[in-house]
Amino acid sequence: MFKPKLIRITTVPISLEKLISGQMAFMGNKGFEVSMVSSDFKDSDILSKKEHADFIPVNMTRRITPLADLRALYQLIDVFRRIKPSIVHTHTPKAGLLGMVAAKMAGVPIRLHTVAGLPLMEATGPKRKLLEAVEKITYACATFVYPNSGNLKDFIIASGFSKPEKLKVIGNGSSNGINTEEFKRAPQIDEHANAIKAQYRIKEEDFIFVFIGRLVKHKGIEELVSAFSVLNKKDQNVKLLLVGPQEEKLDPLSSGCLREIEENPAIIAVGYQTDVKPYLSLSKALVFPSYREGFPNVPMQAGCFDLPCIVTNINGCNEIIVNGENGLIIPVKDRDALLSAMETLYLDKTLYPKMASIAREMIVKRYDQERVWQLILEEYKKHLKNNGVV
């Protein structure tokens, strides 16, 4: 029986593990022979077993590294010519560029690229022009492009990166949907959450705002810490829980912000956590004031735990959250608007429970993972049929 060969590519392996987790195994169960390509890492055997797919190491960087990029390009061409896939599907900017160029040079018939955010949105000057050129080359080499949100699709069209007929948003957006059965309240999660409360002396009457992500400037941490500090001075029962690692080199926080995080007893920074579910379980609301995103998982995860979300009016976030229904949408980089939204969720005893009561339902209805996977599978089948690959 003929099994079409599918190769999924990301720049770094954590994207395979997190961004599109489970998709390779799903496609393998649906009749594809699946391989994964990313930069080498020590747990590749574990990932291969989990996804039931071969892992092929090709080292790529997220920076501008011409010699390393050229080496990776030739390696990818060699991989494609050896495996002869029917479909190459790339994610993340560098993997998209190299993967699409290599796939076209190797004669791969179906070349798909998912766009999950554009770093160029925050770039200026020569760097922005270079990043725009990268996107144009990537889309030109792809046979089809999947922006993972409607706003991102509109931005790509308005920027002239690709023709509209070459673009499609799958379902309601998202690269992978969310496993709504995994992200839901359960006794063992609550037990872990209670242990965390005890560890950090969190009281039942405390109102916990949680942020999950890297602690860097473009995630809006400076505005968040500043707004929370004002709110905390008004009421000691509000707490801010920061779940995520600090980055000292890429877009680091100011010394003043770091000092406030360290010295304010109402700010609880727990660092990177492999399992965020207990932290969502013990929280009351998510605050996610990012400057730019693709289609973020965190607001979907929070919604599954009945948390109203405060998000910025950016791509992805303003599609997951419907203002006034399952959360509040505020302008980017607006400390005062963020403070006002936090005060509203904390003080409005009518609005908050109304939002919390429908938060999970709205996520399950629109972003359940199995539905997203099925829609991607249908796209694969359509492209195979249109290209005469049977």
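Counting rings of Phe, Tyr and Trp (its six-membered ring) as a pair when their centres lie within 6.5 Å, the structure holds 12 aromatic pairs. One of them joins Tyr139 and Phe161, with 6.3 Å from centre to centre and 55° between the planes, which makes the pair tilted; planes under 30 degrees apart count as stacked, over 60 as edge-to-face and the rest as tilted. This is a predicted model, in which local features need pLDDT of at least 70, side-chain atom pairs count only at pLDDT 80 or more, and totals for chains, interfaces and linings use all residues. Residues are numbered from 1 along each chain as its sequence is written, and side-chain values use heavy atoms, with hydrogens and water left out.

**Aromatic pairs**

- A pair of aromatic rings is described by the distance of the centres and the angle of the planes.
- The pair of Tyr139 and Phe161 links distant parts of the chain, 22 residues apart: Tyr139 belongs to helix H6 (residues 125-141), and Phe161 to the loop between helix H7 (150-158) and helix H8 (187-199). Helices (H or I, at least four residues) and strands (E, at least two) are DSSP runs, numbered from the N terminus.
- Tyr139 has a relative accessible area of 1% and is therefore buried; Phe161, at 6%, is buried as well. Buried means under 20% relative accessible area, exposed over 50%, and partly exposed in between (1.4 Å probe, protein chains only).
- Phe211 and Phe288 form a stacked pair, because their ring centres are 6.0 Å apart and their planes stand at 20°.
- Phe211 is in strand S7 (residues 207-212) and Phe288 in strand S10 (residues 285-288), so this pair ties together parts that are 77 residues apart in sequence. Both Phe211 and Phe288 are buried.
- One aromatic cluster is made up of Phe207, Phe209, Tyr346 and Tyr352.

**Charges over rings**

- Lys349 lies over the face of Tyr346, 5.4 Å from the ring centre. A charge sits over a ring if NZ of Lys or CZ of Arg is within 6 Å of the ring centre and within 35 degrees of the ring normal.
- The ring of Phe144 has the charged end of Lys382 over it, at 5.3 Å from the centre.

**Nonpolar cores**

- In soluble globular proteins, nonpolar side chains tend to be buried together.
- The largest nonpolar core has 68 residues, and those with the most contacts inside it are Phe209, Ile221, Leu224, Leu241, Leu280, Ile310 and Met342. Such a core is a set of buried Ala, Val, Leu, Ile, Met, Phe, Trp, Tyr and Cys residues joined through side-chain atoms within 4.5 Å.
- Leaving aside neighbours within four places in sequence, Phe209 is in contact (heavy atoms within 4.5 Å) with residues including Leu231, Val238, Leu241, Ile310, Met342 and Tyr346.
- Another core lies apart from the largest one; this core has 34 residues, among them Val58, Leu97, Val145 and Leu152.

**Single residues**

- Ser229 is part of helix H9 (residues 221-234) and counts as buried, because its relative accessibility is 11%. Apart from neighbours within four places in sequence, Ser229 is in contact with Glu260 and Asn264.
- Met362 is part of helix H15 (residues 351-367) and counts as buried at 14% relative accessibility. Beyond its neighbours within four places in sequence, Met362 is in contact with Val322, Glu325 and Asn326.
- The C-alpha atoms of Met362 and Met100 are separated by 35 Å, and the two residues are 262 residues apart along the chain.
- Lys84 has a phi near 55°, a positive value in a residue other than glycine. Lys84 is placed in the loop between helix H4 (66-83) and S4, and counts as exposed at 61% relative accessibility.
- Asp306 also has a positive phi, near 70°, and is a residue other than glycine. Asp306 sits in the loop between helix H12 (298-304) and strand S11 (309-312), and with a relative accessible area of 25% it is partly exposed.
- Glu191 lies in helix H8 and is exposed, with a relative accessible area of 58%. Glu191 and Ser281 are 90 residues apart in sequence and 9.8 Å apart in space, C-alpha to C-alpha.
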